[in-house]
Amino acid sequence: MDSVSKRYPDGTVAVDRLSLDIPDRAITVLVGPSGCGKTTTLRMINRMVEPSEGSILLDGADIRQQPVNSLRRSMGYVIQNAGLFQHRTIIDNIITVPRLLGWSKAKARERAAELMERVGLDASLAKRYPYQLSGGQQQRVGVARALAADPPVLLMDEPFSAVDPVVRKGLQDELLRIQDELGKTIVFVTHDIDEAVKLGTMVAVLRTGGHLAQFAPPAELLTAPADPFVEDFLGADRGIRRLSFFPSDGLELETGPIVPVDADATRLTPHGSTPYLLVTDADGRPLGWGEPGALTAGAVDAGRLLSHGRPFRPGKDSLRTALDGAVLSPTGWAVAVDGEGRAVGVVSQAAIGEAIRTAHTEDRPEVTAAG
Ligand SMILES: Nc1ncnc2c1ncn2[C@@H]1O[C@H](COP(=O)(O)OP(=O)(O)OP(=O)(O)O)[C@@H](O)[C@H]1O
Ligand SMILES: [Mg+2]
């Protein structure tokens, strides 16, 4: 987008000289308060709204050089509440664009079945109508419909805003998984900064009047907000959220305090630097923390163990998840597990704090997974 402005006929300037270099095959998020011009910006990309000034190039060519119909068919479009055709079945919704493109019914239906599986919809829903689906399911249909003709570009306008937080998280994870497989160029609008940070490869923060406040990868946004507006928009706990971008695999784990539930009593004395022992089940999965005094009776009363918080996976989870685990346990220690959920070590809040300080001095977040 090259210095693009939109002034509506009533004089409202919705977007003001916006220049953005939207990367290929990545998710670019437009985020900002209500009325800041996000939807207008998105709609200029598929020419549902025509810019008043400036130009938009797609692969180097001005989008005005393309017939508007073919332009729109090369761009899937998903909106809040999915915007499904209420009088059409799920499968007929999904095959809308392929049919417009002249695909045979058989080929289009085959494609629909493949897409329903991809977005996590049971095949049995194909013959239903939108009103017979939950909000989250409808949203998945919206994504499937947008993907149907395999467009290189996906435009998504607050697609997950109308569903509850649990369903929303599921849809976000699903989108990241689909994106991993398909590598679309996605422009995603939201007013939720957490969603922006989780999904975005690049995040554009807009302020009212359609001004670009900052355009940066999420970790950079959290580290160095460009101005007080961006800082305020990021919220009070950006320091904690920034930890999502630091890997946990550098943490030094202790194994001494880990004991199996059937350990003989002589082993039930403190090891390492914690007075607590992490008791694991027969498969090595953490059950909870025991105070050694309470364990030396020879048997472990699982009901009397202290909570071990949420375990983290070194290499997969971030320092934020590790810190969360430590904070959630009354012992102040976090438990590291492997892919099977078996305890591989424990680490104290103090050691995590040390790793955070080191991360500060090195200063460059490394992983892109938010967790
Ligand atoms: N057709 C229109 N005519 C006049 N003004 C409009 C029109 N459409 C949008 N606007 C105005 O342009 C500005 C930007 O609107 P836009 O819908 O792009 O905002 P938004 O960032 O998507 O907001 P929200 O988060 O509430 O969806 C607002 O002030 C809005 O009132
Ligand atoms: Mg909008």
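How do the residues of the shell around ligand 1 divide into nonpolar, polar and charged? Keep the question in mind for the second stop. The model on screen is predicted.

**Stop 1: the whole chain.** Colour residues 2–243 and 258–362 separately; the domain assignment gives these as domain 1 and domain 2. The centres of domain 1 and domain 2, taken over C-alpha atoms, are 41 Å apart. Next select residues 1–233, which an unreviewed UniProt entry lists as "domain: ABC transporter". Over residues 1–233 the chain is 38% helix and 22% strand. The end C-alpha atoms of that stretch are separated by 24 Å.

**Stop 2: ligand 1.** Show ligand 1 and select the residues around it: Y8, D10, T12, A14, S34, G35, C36, G37, K38, T39, T40 and H191. The shell divides into three nonpolar, seven polar and two charged residues, which settles the opening question. Now highlight helix α1, residues 38–45. Helix α1 supplies three residues, the largest share of the shell around ligand 1.

**Stop 3: helix α6.** Select residues 135–147, which form helix α6. At 1.5 Å a residue, the 13 residues of α6 should span 18 Å, and the end C-alpha atoms lie 19 Å apart, which agrees. Is this helix buried or exposed? Eleven of its 13 residues are buried, so α6 is largely enclosed by the rest of the structure. The buried residues are Q137, Q138, Q139, R140, V141, G142, V143, A144, R145, A146 and L147.

**Stop 4: helix α13.** Move to residues 319–328, helix α13. Eight of the ten residues of α13 are buried, so this helix is largely enclosed by the rest of the structure.

Stop 5: Select S3, in strand β1 (residues 2–7). Phi of S3 is near 50 degrees, a positive value in a residue other than glycine. S3 counts as exposed because it has 12 C-beta neighbours inside 10 Å, and a residue is exposed if 12 or fewer other C-beta atoms lie within that distance.

Finish at D59, in the loop between β5 (57–58) and β6 (61–62). Phi of D59 is also positive, near 50 degrees, and D59 is not a glycine either. With 8 other C-beta atoms within 10 Å, D59 is exposed.

Notes: Residues numbered from 1 in each chain as written. Chains lettered and ligands numbered in written order. Predicted model: local features only at pLDDT ≥ 70, side-chain atom pairs only at ≥ 80, totals over all residues. Domains from an automatic or database assignment. UniProt positions renumbered as here; feature names shortened; annotations may be inferred. Helix = DSSP H or I, 4+ residues; strand = E, 2+ residues; numbered from the N terminus. Near = placed C-beta within 6 Å. Nonpolar A, V, L, I, M, F, W, Y, C, P; charged D, E, K, R; others polar. Buried ≥ 20, exposed ≤ 12 C-beta atoms within 10 Å, placed from the backbone. Expected span 1.5 Å × (residues − 1).
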